[in-house]
Amino acid sequence: MRTQILLLAAALGLLTTPGWAQEDIRTIAANNAAEWNQAFADGKVDEIVSLYTTDAILVQPNGKVSRDPGEIRNFWRTLIDQGAFKIDIVDVKGEKDDTIVTTTTLSDMKTLQDSHQTLRYHYDGVLYSVLKRQSDGSWKAQVQQWSERSRG
């Protein structure tokens with residue numbers, strides 16, 4: 001009985017310990033990607049911009065660095081106007097208690113008009129994101145960098 005009480009107390013202590021160490025970083029990354037994917041699916045650029053921290057930096061595929069939310073909005077508006085997108089997680093690393101680095105691909109979802117089949121292909125590059133835990137517990141992108149894949 002005493003062992004069961006100690007195990008219960010230990011379990012409760014783990015459940016109430018603050019910090020993200022108890023959370024699975026892959027789950028955090030998947031939940032974050034789901035937020036991006038929902039905003040893409042809905043075509044809601046304001047929701048995409050809300051997934052960035054207030055001091056976010058976006059390094060675009062052409063190397064242009066955007067720090068202004070308006071520039072970030074315009075970048076994503078242009079992409080959203082070209083079609084629907086989906087983020088797929090390739091790798092996730094926990095860097096600190098409040099920082100996760102994700103490597104993702106961005107897929108462009110297109111529908112063929114003649115056969116109504118959905119084709120999926122990857123943008124020829126990857127998107128690296130540094131996610132920071134916010135004071136409300138949410139995770140937002142503080143830095144994002146596009147990188148083209150090297151062609152061998």
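**Close-up views of the predicted model**

The structure holds seven aromatic pairs (rings of Phe, Tyr and Trp, its six-membered ring, with centres within 6.5 Å). This is a predicted model, where local features need pLDDT of at least 70 and side-chain atom pairs count only at pLDDT 80 or more, while totals for chains, interfaces and linings use all residues. Residues are numbered from 1 along each chain as its sequence is written, and side-chain values use heavy atoms, leaving out hydrogens and water.

View A. Trp-36 sits in helix H2 (residues 25–42) and Trp-76 in helix H4, so the pair ties together parts 40 residues apart in sequence. Helices are DSSP runs of H or I, at least four residues, and strands are runs of E, at least two, numbered from the N terminus.

**View B. Phe-75 joins Trp-76 edge-to-face.** Their centres are 5.2 Å apart, with 80 degrees between the planes. Phe-75 is buried at 12% relative accessible area (buried means under 20%, exposed over 50%, partly exposed in between, with a 1.4 Å probe and protein chains only). Trp-76 is buried too, at 0%.

**View C. Lys-132 in strand S6 (residues 125–133).** Have a look at this lysine: with 17% relative accessibility, Lys-132 counts as buried. Its contacts (heavy atoms within 4.5 Å), not counting residues up to four places away in sequence, include Asp-98, Trp-139 and Gln-142.

Technical notes. Rings of Phe, Tyr and Trp (its six-membered ring) pair if their centres lie within 6.5 Å; planes under 30 degrees apart count as stacked, over 60 as edge-to-face and the rest as tilted.
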